[in-house]
Amino acid sequence: MEKYISVKELEETALTLLPIGARDYYKSGATDEQTLAENKKAFQRLRIRPKCLVGVNNCCLRTRVLGNEVSMPIGISPTAMQRMAHPEGEIANARAAAAENTIFTLSTIATSSIEEIAEAVPQGIKWFQLYIYKNKEVTKNLVLRAEKAGFKAIALTVDTPLFGLRRADIRNKFTLPQHLRLANFDGHLSTKIRGANDGSGLNEYVHNLFDKSLTWDEVKWLKSITKLPIIAKGVLRGDDAVKAVEAGCSAILVSNHGARQLDGVPATIEALPEIVEAVKKYNVEVYLDGGVSTGTDVYKALALGAKMVFVGRPALWGLTIGGQAGVQRMLNILRTELEYALQIAGTPTIADITRDMVRHESAYSKL
């Protein structure tokens with residue numbers, strides 16, 4: 001794995017190894033994929049402003065997230081159906097996160113169950129990403145299982161009344177491979193992503209089972225059934241962030257679902273400052289995912305107010321190539337790049353990274 005020295009190299013190799021259905025499912029975005037590209041380009045429009053001669057002997061990436069200490073402010077986002085990438089799927093990904101002492105988030109529509117992850121990684125910091133189903137008992141059961149299994153938080157996805165139009169999945173008539181199942185469910189809920197006649201089987205699954213009538217009241221309902229902190233995942237507006245907090249959320253995850261929902265929305269790094277500002281008077285943490293592929297991307301997000309940065313696709317690329325070892329390689333690439341960024345920028349600890357460390361490129365284009 002040492003031959004890979006960037007996340008980009010992991011991605012390029014992984015895309016040559018994956019079967020077309022899984023490859024296109026993992027890498028694609030909504031419709032014209034404008035936001036998919038902007039998620040990365042927006043980071044490139046930000047400039048780091050290094051400080052000189054400040055003394056950087058004691059570089060430290062450690063931080064605390066929802067009360068848990070992690071080795072670095074980089075964790076694993078939820079991504080679905082990871083056994084399409086590697087036979088061990090989510091288990092290998094979770095083991096990698098635990099080995100690196102950071103957070104792993106399990107998707108509702110995973111190919112490894114809540115209980116399998118808990119058994120494989122009893123000591124790791126695990127969050128559970130939640131979709132709310134029309135059948136509230138199904139949803140309640142998922143939450144209670146996650147709490148019983150030692151998961152530390154519920155990441156409630158709030159941007160998905162239905163799944164976005166992903167043309168590659170429609171073209172491929174994407175379905176869950178026959179040898180796999182959605183491991184958190186029994187019966188038809190575990191195998192329903194099968195053989196769509198005229199498009200994506202996943203979109204058909206979501207249309208039939210997800211609840212489109214959801215409001216912020218669902219957060220209050222969740223709080224009535226669990227003691228776990230609730231993270232609102234998928235927020236892109238300051239006013240929505242405030243509504244999430246007022247409904248009882250403990251944190252906000254600024255996310256556009258990997259640019260897979262609605263094309264033309266802001267890149268997450270563009271939306272981040274508005275949300276940080278909107279909730280600054282509340283005692284909540286703000287996180288970010290989307291488009292992160294280098295340690296300097298992480299640095300820029302931290303400077304703009306993110307407490308933690310999560311990566312989804314990069315973990316899939318590492319998983320595809322080498323299972324747990326591949327994901328750990330990805331995490332260590334980002335760790336090393338972030339360590340270098342902190343020291344060269346003159347901010348040896350996470351607490352030293354302040355808003356003035358980053359400026360938009362437009363600040364340097366004035367004649």
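Predicted model: local features only at pLDDT ≥ 70, side-chain atom pairs only at ≥ 80, totals over all residues.
**Notebook: a buried strand residue and what surrounds it**

I started with Ile154, which is buried, with a relative accessible area of 1%. Buried here means under 20% relative accessible area, exposed means over 50%, and partly exposed is in between, using a 1.4 Å probe and protein chains only. Residues are numbered from 1 along each chain as its sequence is written, and side-chain values use heavy atoms, with hydrogens and water left out.

**Around Ile154**

I found Ile154 in strand E7, residues 153–157. Strands (E, at least two residues) and helices (H or I, at least four) are DSSP runs, numbered from the N terminus. Which residues is Ile154 in contact with, leaving aside its neighbours within four places in sequence? I noted Phe128, Leu130, Val143, Ala146, Leu228, Pro229, Ile230 and Ile231. Contact means heavy atoms within 4.5 Å. Val143 is 11 residues from Ile154 in sequence, and their C-alpha atoms are 7.6 Å apart.

**Thr139**

Next I looked up Thr139, which sits in helix H6, residues 136–148. Thr139 is buried, at 0% relative accessible area. Apart from neighbours within four places in sequence, Thr139 is in contact with Leu130, Tyr131, Ile132, Tyr133 and Trp221. Leu130 was already in my notes as a contact of Ile154.

Why did I write down helix H13 (residues 295–303) as largely enclosed by the rest of the structure? Because eight of its nine residues are buried. Among them are Asp297, Tyr299, Lys300 and Ala303. Gly305 follows H13 and has a positive phi, near 115°.

Met357 came next, in the loop between helix H14 (313–344) and strand E12 (358–360). Is Met357 buried or exposed? It is buried, with a relative accessible area of 0%.

**Cysteines**

I looked for disulfides, meaning pairs of cysteine sulfur atoms within 2.5 Å, and the count comes to zero. For Cys59, the nearest cysteine sulfur is that of Cys60, 7.3 Å away. Cys59 is partly exposed, with a relative accessible area of 27%, and Cys60 is partly exposed at 32%.

**The whole protein**

Finally I stepped back. I counted 14 helices and 12 strands. The C-alpha atoms fill a box of roughly 65 × 45 × 45 Å along the principal axes.

What share of the 367 residues counts as buried? I have 56% in my notes. Of the contacts between residues at least 6 apart in sequence, 73% join residues at least 24 apart.
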